[in-house]
Amino acid sequence: MTEGHFMARPQFLTITANDVDFRVALCGPQRATDTLVCFNGVGLALEALLPLAKELHKHRVVLIDAPGIGGSSEAHGPYRLSHLSASVAKVLDELGFDRTHLFGVSWGGALAQQFAYQYPERCVSLVLAATSSGLLSITGNLGLFAQFTSPKKLLNLSFLSKISPELTTAGRAAVSTHSILFGAAMKSLRPKGYVYQLMAMTGWTSWPWLPKIKTPTLILLGKKDPLMPPTNGRIICGRMQNARLDVLPYGHLFVYTQPFETARKIDEFLSSIQAAAVA
């Protein structure tokens, strides 16, 4: 890697925290002035976020596989998001990152909220995409939700191709790209890791403590999202002290099918945070 230039390829590391070996990818300029930590959707290895990381070429980007997903080892038992947040904090300590920006999509958006609540002093800003506050949020298409409870189905490319049109409105080319991307990212999915991710959300809600999060926050929701209707973004935004909402004309998977536009929104927000800090 040439110092000061964008990493042509991610740098992969393994960092142990709370008895889990986390696979981590570092992307972006080595001399970047800020760091963005990204939390992925349920069941997805960090490869699914590499197209987004590539578009965020002004920032150092940290991608972390959840326990039992991608290249991370499995947790020894079910865990809560609060426990995983503590593990993430240790991973960032090992990397030498004290204060970072946070990004979370879908399941990862819940983890990002939890981390921002537990470690407010470590969060410069927060970006939440296609996510909700857990309990007390507005449930989308229940039939579609039910499809995601089966790891066996999600490892089937034909199934992914079938449900893609319901999750994205980006056209056939993007749907095809999404199916290939998800197929590749889910090849390393282990059922136990996936089930533990689902269990971590059981009974979880950020509703009571969202008002305590003072971190500047951008909420990105898809107007045509059948899983996380835009109303969820309004709920989160209304509960937080320093948040704004941006509704995009896409479905649930816009982060993966529209990485350029998603990155542009994130970059504009992070630039505004930097400008405010300088002023």
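# A tour of salt bridges, a cavity and a pocket

Begin by selecting Lys-265 and Asp-246, which form a salt bridge whose closest N and O atoms are 2.9 Å apart; a salt bridge here is a side-chain nitrogen of Lys or Arg within 4 Å of a carboxyl oxygen of Asp or Glu. The pair links distant parts of the chain, with Lys-265 in helix α11 and Asp-246 in strand β8 (residues 243–248), 19 residues apart. Helices (H or I, at least four residues) and strands (E, at least two) are DSSP runs numbered from the N terminus. Lys-265 is buried, with a relative accessible area of 16%, and Asp-246 is buried as well, at 19%, where buried means under 20% relative accessible area, exposed over 50%, and partly exposed in between (1.4 Å probe, protein chains only).

This is a predicted model, in which local features need pLDDT of at least 70 and side-chain atom pairs count only at pLDDT 80 or more, while totals for chains, interfaces and linings use all residues. Residues are numbered from 1 along each chain as its sequence is written, and side-chain values use heavy atoms, with hydrogens and water left out.

The structure holds eight salt bridges. For another of them, select Lys-192 and Glu-74, whose closest N and O atoms are 4.0 Å apart. Lys-192 lies in helix α8 and Glu-74 in the loop between β4 and α2, so this pair ties together parts that are 118 residues apart in sequence. Lys-192 is partly exposed, with a relative accessible area of 43%, and Glu-74 is also partly exposed, at 27%.

Next, select Asp-65 and Arg-23, whose side chains meet in a salt bridge (2.7 Å, N to O). Asp-65 sits in the loop between β4 (60–64) and α2, and Arg-23 in strand β2 (residues 20–27), 42 residues apart. Both Asp-65 and Arg-23 are buried.

On a 1 Å grid over the protein atoms alone, a cavity is a set of points where a 1.4 Å probe fits but cannot get out, a pocket is an open set with protein on both sides within 12 Å along at least five of seven lines, and lining residues have an atom within 4 Å of a point. The largest cavity holds about 110 Å³ of space, and α2 (81–95) and α3 (107–118) each supply at least two residues of its lining.

From here, move to Thr-205, in the loop between α8 (191–200) and β7 (217–222). Thr-205 counts as buried at 18% relative accessibility. The side chain of Thr-205 reaches the backbone oxygen of Ser-133 at 3.1 Å, and a polar atom of that side chain lies 3.0 Å from the backbone oxygen of Leu-135. Selecting Ala-110 as well shows a residue 95 places away from Thr-205 in sequence but 8.4 Å away in space, C-alpha to C-alpha.

Finish at the second largest pocket, with a volume of about 170 Å³, by selecting Thr-33, Asp-34, Thr-35, Arg-99 and His-101, which lie nearest its centre among 13 lining residues. A volume is the space filled by probe spheres set on the grid points, which are joined across faces, edges and corners. Helix α11 gives the most to this lining, with three residues.

Technical notes: Polar contact = N/O pair within 3.5 Å; in protein donor to acceptor, adjacent residues only side chain to side chain.
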